[in-house]
Amino acid sequence: MSIDPAYEMVIGLEVHAQMLTQSKIFCGCSTAFGAPANTQICPVCSGFPGVLPVLNKEAVNMAIKTGLAIEGEVRMQSEFSRKNYFYPDLPSGYQITQFELPIVEHGKVLIEDKDVPAKVVGITRIHMEVDAGKSIHEGVVGGTWVDLNRTGVPLMEIVSEPDMSTPEEAGAYLKKLRSIVRYLEVCDGNMEQGSFRCDANVSVRKKGDPKLGTRCELKNLNSIRNVMRAIELEAERHIDILEEGGSIVQETRLYDANLNETRSMRSKEDAHDYRYFPEPDLPLLVLSEQQIATVKATLPELPDAKRERFETAYGLSHYDASVLTTSRALSRYYETVVEQVKAGGQNDPKICANWVTVELLALLNKENKEIEQSPVSATNLAKMVVRILDNTISGKIAKEVFASMFESGSDPDTIIEEKGLKQITDSGAIEAAIDKVLALNSTQVEQYRGGQEKLFGFFIGQVMKATQGKANPAELNKLLKQKLGG
């Protein structure tokens with residue numbers, strides 16, 4: 001993606017990550033997704049007057065955990081405020097959020113991707129807040145329905161510094177942040193279900209100009225691809241306006257993925273428009289050193305550390321290690337394959353990585369499935385790799401076996417046996433096949449011996465065809481050279 005080279009983009013992202021608590025942040029109602037409308041509500045999350053919120057300790061611990069993972073400063077004291085505004089799906093007329101004293105400040109996230117050089121993006125703050133309900137317009141004639149099941153669900157708003165300057169950097173940042181919260185198991189990162197939502201603040205300025213341009217906010221973008229497309233469109237819109245001598249109006253805009261356009265939603269509010277004041281029903285949130293230390297002890301190995309270990313321990317390339325550590329489940333799957341191949345008497349982490357990153361991920365992506373939904377278990381993939389390494393099957397035959405495994409979920413040994421795919425390693429049988437091929441292609445034999453060495457591949461192909469791809473490649477190569485040399 002590119003814009004007018006005279007300009008540069010300034011991008012900051014606000015991510016709302018729904019925390020994976022079993023109950024809401026200020027009451028005991030369930031946070032389970034997909035329940036019938038308005039069945040997971042109570043007087044507290046419905047905003048009845050006179051009720052009192054009680055803070056969910058697990059939500060606090062998840063926010064601390066995320067702050068520690070991004071090397072942020074966890075504040076010993078933070079405070080909840082009321083953010084006042086009217087909206088049909090906000091029954092109390094205010095949102096409980098952290099304003100002046102958030103729970104985490106000053107973090108950082110290292111980003112890099114295929115087309116994005118390594119770069120550190122600053123995190124301004126992480127604050128906790130409640131989610132609002134959901135207005136339903138589809139299928140409703142002459143009005144709007146409201147589902148309050150989501151009201152009171154705990155969110156972390158993770159606010160970045162405006163450190164990104166391309167849509168690709170924004171995409172890499174979101175992937176990395178989603179990976180981190182998934183590793184931490186504090187958010188499922190599901191953008192389609194709205195549990196990981198992004199707003200993008202976008203402005204442009206002439207290259208070299210230190211002054212920031214007027215920014216616009218793009219709301220509730222529901223996929224990383226749409227975030228990137230919307231940012232580019234918005235930047236182009238700003239540049240067009242500025243080039244025509246106009247000025248940018250600060251506002252909140254919606255992105256229409258079907259029309260691939262942004263359009264005005266409302267004028268951008270400032271903090272004073274919300275009349276923030278400290279939440280009178282909640283005391284100051286005071287943390288102890290012991291609580292932070294206890295949470296710190298639960299931190300898992302995070303993506304960057306795991307990538308470095310994969311490079312060192314398994315001899316993987318930076319790219320392979322990066323792909324395999326994009327999610328905790330994928331890295332666990334890979335390590336299970338490596339361990340079980342070793343248990344099978346073989347050891348080749350690189351070939352294991354190739355089968356996971358190339359063959360398996362390609363088929364999963366094609367069917368829009370996650371690694372947790374893989375029809376090929378790590379155990380079965382490890383068995384197949386062992387069969388390649390012990391010369392039971394060739395790499396070529398393995399692709400046929402793998403395709404059957406993906407289709408049926410079957411054990412590779414069963415497939416090899418049923419389809420008669422065992423590799424031919426008997427030198428006598430391979431020699432006989434070579435003799436037959438050379439006899440049928442005497443002209444090519446003379447040409448080869450006359451100097452056309454590129455015909456060697458032709459003979460390999462013919463013998464493989466004659467043996468239905470089951471000849472051991474190394475043995476075939478050795479014997480064919482001997483025969484053609486003689």
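**View A. Contact of helix H12 with helix H15.** Ser427, Ile430, Glu431, Ile434, Asp435 and Leu438 of H12 meet Glu475, Leu476, Leu479, Leu480, Lys483 and Leu484 of H15, where contact means heavy atoms within 4.5 Å. By class, the residues of this H12 and H15 contact are seven nonpolar, one polar and four charged. Ala, Val, Leu, Ile, Met, Phe, Trp, Tyr, Cys and Pro count as nonpolar, Asp, Glu, Lys and Arg as charged, and the others, Gly among them, as polar. The model is predicted: local features need pLDDT of at least 70, side-chain atom pairs count only at pLDDT 80 or more, and totals for chains, interfaces and linings use all residues. Residues are numbered from 1 along each chain as its sequence is written, and side-chain values use heavy atoms, with hydrogens and water left out.

**View B. Geometry of the H12 and H15 crossing.** The axes of H12 (residues 427-440) and H15 come within 10 Å and cross at roughly 50 degrees. Axes are lines fitted to C-alpha atoms, for helices over the stretch in contact, with angles from 0 to 180 degrees between N-to-C directions. H12 and H15 are therefore oblique to each other (under 35 degrees is roughly parallel, over 145 roughly antiparallel, 65 to 115 roughly perpendicular, and the rest oblique). Their crossing is right-handed; a crossing is right-handed if the near helix is turned clockwise from the far one by less than a right angle, and left-handed if anticlockwise.

**View C. Helix H14 against helix H15.** H14 (residues 456-466) and H15 (residues 473-485) have axes that come within 11 Å and cross at roughly 125 degrees. H14 and H15 are therefore oblique to each other, and the crossing is right-handed. Phe456, Phe459, Ile460, Val463 and Met464 of H14 make the contact with Pro473, Leu476, Asn477, Leu480, Lys481 and Leu484 of H15. This contact of H14 with H15 has nine nonpolar, one polar and one charged residues.

**View D. Helix H1 against helix H4.** The axes of H1 (residues 57-69) and H4 (residues 289-296) come within 9 Å and cross at roughly 70 degrees. H1 is therefore roughly perpendicular to H4. The H1 and H4 crossing is right-handed. On the H1 side the contact is made by Lys57, Val60, Asn61, Ile64, Lys65 and Leu68, and on the H4 side by Gln291, Ile292, Val295 and Lys296. The residues of the H1 and H4 contact divide into five nonpolar, two polar and three charged.

**View E. Domains in the chain.** The domain assignment, automatic or from a database, gives domain 1 (7-292), domain 2 (301-419) and domain 3 (427-485). The centres of domain 1 and domain 3, taken over C-alpha atoms, are separated by 64 Å. The C-alpha trace of the chain spans about 95 × 55 × 50 Å along its principal axes.

Terms used: Helices (H or I, at least four residues) and strands (E, at least two) are DSSP runs, numbered from the N terminus.
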